Amino acid sequence: HSTSYGIHTVFRELSSFTPIKGEIVVEAVLHRLTDRAQLLLSSASMAAEGEQDEPAIQQYHILMAIAIHGSMPAGRALREEGVTLKGIRRYLKYESSGEARTPPFILYSEGARNVVHKAIEFADMRDEAHREVTDKDILHALMVLADEPVLRALGHQDSSPTNILRALLR
């Protein structure tokens, strides 16, 4: 798998459950994301691909991607709270087939799509000339909108969205 594959396919399905064809939509989302944020969503895409016959990115795939990239500010916030990829996988009983497939598009669940849109809203609130979505925006949005699997995965590791957000602000 190359990272560029993930980045260019991962954004084809952000505004509806119907696959959207064309690079215009891809570029419309890509220009809003920092390299780190693109890498996170690409990693979430790859995690979803190996999991099921019809891959769909869920919020917990985004949480896993943040944990994988622990050197990023968002990943450090998880690590400070004791949230690890191993712990997330153990709790979710995550199994990846490990097969490298090339699906025609990756669907976002409604919850995961809402995380991306909320991250864009957070970026829009900043008083900066360039309002790119960062890895921290994605983690912030994920903690605000956390669904039951994410809440349970955090709780299983004695953490919570509030604690993660505090660590993110340190």
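## Close-up views of the predicted model

Figure 1. With a relative accessible area of 47%, glutamate 80 is partly exposed; buried stands for under 20% relative accessible area, exposed for over 50%, and partly exposed for what lies in between, with a 1.4 Å probe and protein chains only. The model is predicted: local features need pLDDT of at least 70, side-chain atom pairs count only at pLDDT 80 or more, and totals for chains, interfaces and linings use all residues. Residues are numbered from 1 along each chain as its sequence is written, and side-chain values use heavy atoms, with hydrogens and water left out. Arginine 170 and glutamate 80 form a salt bridge, their closest N and O atoms being 2.9 Å apart (a side-chain nitrogen of Lys or Arg within 4 Å of a carboxyl oxygen of Asp or Glu). Glutamate 80 belongs to helix 5 (residues 73-80) and arginine 170 to the segment after helix 10, so this pair ties together parts that are 90 residues apart in sequence. Helices (H or I, at least four residues) and strands (E, at least two) are DSSP runs, numbered from the N terminus. Arginine 170 counts as exposed, at 64% relative accessibility.

Figure 2. The closest N and O atoms in the salt bridge between glutamate 81 and arginine 170 are 3.6 Å apart. Glutamate 81 lies in the loop between helix 5 and helix 6 (85-92) and arginine 170 in the segment after helix 10, so the pair ties together parts that are 89 residues apart in sequence. Glutamate 81 is buried, with a relative accessible area of 17%. Not counting residues up to four places away in sequence, glutamate 81 touches Gln157, Ser159, Asn163, Ile164, Ala167 and Arg170; a contact means heavy atoms within 4.5 Å.

Figure 3. Serine 159 is placed in the loop between helix 9 (148-156) and helix 10 (161-169). Serine 159 is buried, at a relative accessible area of 7%. The residues that serine 159 touches are Glu81, Val83, Leu154 and Ile164, leaving aside residues up to four places away in sequence. Aspartate 158 lies in the loop between helix 9 and helix 10 as well, but aspartate 158 counts as exposed, at 70% relative accessibility. The phi of aspartate 158 is near 55 degrees, a positive value in a residue other than glycine.

**Figure 4. The salt bridge of aspartate 137 and arginine 126.** The side chains of aspartate 137 and arginine 126 meet in a salt bridge of 2.7 Å, N to O. This pair links distant parts of the chain, with aspartate 137 in helix 8 (residues 135-144) and arginine 126 in the loop between helix 7 (110-125) and helix 8, eleven residues apart. Aspartate 137 counts as buried, at 6% relative accessibility, whereas arginine 126 counts as partly exposed, at 21%. Elsewhere, salt bridges that share partners join Glu80, Glu81 and Arg170 into one network. The structure holds six salt bridges.

**Figure 5. Helix 5 and what covers it.** Pro73, Ala74, Gly75, Ala77 and Leu78 of helix 5 are buried. The cover over the buried residues of helix 5 includes helix 3 (35-49), helix 4 (59-68), helix 8 and helix 10. Arginine 76, which lies in helix 5, counts as partly exposed, at 36% relative accessibility.

**Figure 6. A patch of positive charge on the surface.** Arg36, Arg76, Arg79 and Lys136 gather in a surface patch of positive charge. Patches are made of residues with over 30% relative accessible area and no salt bridge, like charges being joined within 9 Å and nonpolar side chains (Val, Leu, Ile, Met, Phe, Trp, Tyr) within 5 Å. Lys and Arg count as positive and Asp and Glu as negative, while His and the chain ends are not counted; the place of a charge is NZ of Lys, CZ of Arg, CG of Asp or CD of Glu.

**Figure 7. The setting of the close-up views in the whole protein.** The protein has ten helices and two strands, and its elements run α-α-α-β-α-α-α-β-α-α-α-α from the N terminus on. Of its 170 residues, 48% count as buried. Among the contacts in the protein with a separation of 6 or more, 69% come from residues 24 or more positions apart. The protein exposes about 8,400 Å², of which carbon and sulfur atoms supply 52%; accessible areas come from the Shrake-Rupley method with a 1.4 Å probe, and for residues only the protein chains shown count as cover.
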